[in-house]
Amino acid sequence: MPDAQPKPPSGLIGSVQRALRVLETVADGGDGITAKAVARRTGFKLSTTYHLLNTLVHEGYLVRLANARGFGLGYKLPELHDSLKAQLSVTPEIAYTLRDLHIRAQAAMYYAVVRDDELVVAEVADSPEHRKAEPLDLGFDRSAHATSFGKVLLAAMSPAARRHYLAGAGLARLTNRTITRLEDLDRELALVRKTGIAAEIEEFQPGLACLATPVRDAEGRTKAAVALSVPVKEFAKRRRQLETLIRNGGEELSRLHS
């Protein structure tokens, strides 16, 4: 039986939800999407759609494209993106280094941090040739027990903080190789602390292998985790090389926190 969908919280504002749906639809549709197309895709009345589009244009989140006779994303959105990166402590230097590591490793790269009580992906570097694993995108904050970067961040927590986090997050089985017993995870995390590297092979997703290592500040505290992912078959051939690269990447990123 599929899991029941969670009940939405009370007090949600429908007009805000509709505006966000329109914004997402324009983003998916690309420059020049018409109001009629937005209305059709959202299921909203055309008059409602026009009101929402005009409001978003007025606020700077959309623009009206005269020649294309439609709408596109507005210039206020990059400000929000930059503010989010700043709150996640992803500097331009960190983003550049992660991109450079991606090119050198020929693998998708991830930078993950602890934000409040969440272990969240803060930056991704990939390419058509070496794509990130779905759904490991900016903002992904689940399945820490089954991801290499999650293991690094969990290993750095105090025992009390880790148990509090896992009590809420749980140890869901994602594949037949996922660690689902707390005792087994504790042993795995002890090994991560000892070796300075975390690995997962098909624990998060069949056919996928990942490595991660801590990113530390000048006092040696774990501030983030850097990780890479490759297909399992490739991982078996390149493991030693990838372990060296991820360790070097962790050191390079740590110097940016010194």
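On a 1 Å grid over the protein atoms alone, a cavity is a set of points where a 1.4 Å probe fits but cannot get out, whereas a pocket is an open set with protein on both sides within 12 Å along at least five of seven lines; lining residues have an atom within 4 Å of a point. Grid points are joined across faces, edges and corners, and a volume is the space filled by probe spheres set on the points.

The model is predicted, so that local features need pLDDT of at least 70 and side-chain atom pairs count only at pLDDT 80 or more, while totals for chains, interfaces and linings use all residues. Residues are numbered from 1 along each chain as its sequence is written, and side-chain values use heavy atoms, with hydrogens and water left out.

Select Y110, L136, T147, S148, F149, E200, C210, A227 and L228 to display the lining of the largest cavity. The space inside this cavity is about 30 Å³. Helix 6 (148-156) and strand 7 (222-231) are the elements that give two or more residues to this lining; helices (H or I, at least four residues) and strands (E, at least two) are DSSP runs, numbered from the N terminus. Six nonpolar, two polar and one charged residues make up the lining of the largest cavity. In these classes Ala, Val, Leu, Ile, Met, Phe, Trp, Tyr, Cys and Pro count as nonpolar, Asp, Glu, Lys and Arg as charged, and the others, Gly among them, as polar.

**The open space**

Next, select D117, E118, D141, R142, S143, A144, H145, Y165, A169, G170, A172 and L174, which line the largest pocket. This pocket holds about 170 Å³ of space. Its lining has five nonpolar, three polar and four charged residues.

**Helix 8 and its partners**

Now display helix 6 together with helix 8 (residues 182-195): their axes come within 9 Å and cross at roughly 85°. Axes are lines fitted to C-alpha atoms, for helices over the stretch in contact, and angles run from 0 to 180 degrees between N-to-C directions. Helix 6 is therefore roughly perpendicular to helix 8; angles under 35 degrees count as roughly parallel, over 145 as roughly antiparallel, 65 to 115 as roughly perpendicular and the rest as oblique. From helix 6, K151, V152, L154 and A155 meet L185, E188, L189, V192 and R193 of helix 8, where contact means heavy atoms within 4.5 Å. This contact of helix 6 with helix 8 has six nonpolar, no polar and three charged residues.

**Helix 5 against helix 9**

Move to helix 5 (residues 92-105) and helix 9 (residues 232-255), which pack at an angle of about 165° with their axes 11 Å apart. The two helices are therefore roughly antiparallel to each other. In helix 5, select I94, T97, L101, R104 and A105; they meet R238, L242, L245, G249, E252 and L253 in helix 9. Six nonpolar, two polar and three charged residues form this contact of helix 5 with helix 9.

Within helix 9, centre the view on E252. Leaving aside residues up to four places away in sequence, E252 touches T97, L101 and R104. From E252 to L98 the separation is 154 residues in sequence and 9.6 Å in space, C-alpha to C-alpha.

**Two stops on the backbone**

Most residues other than glycine have a negative phi, and most peptide bonds are trans. Select Q106, in the loop between helix 5 and strand 3 (108-115). Although Q106 is not a glycine, its phi is positive, at about 55°. Finally, go to P135, in the loop between strand 4 (118-125) and helix 6. The peptide bond from E134 to P135 is cis, with omega near 5°.
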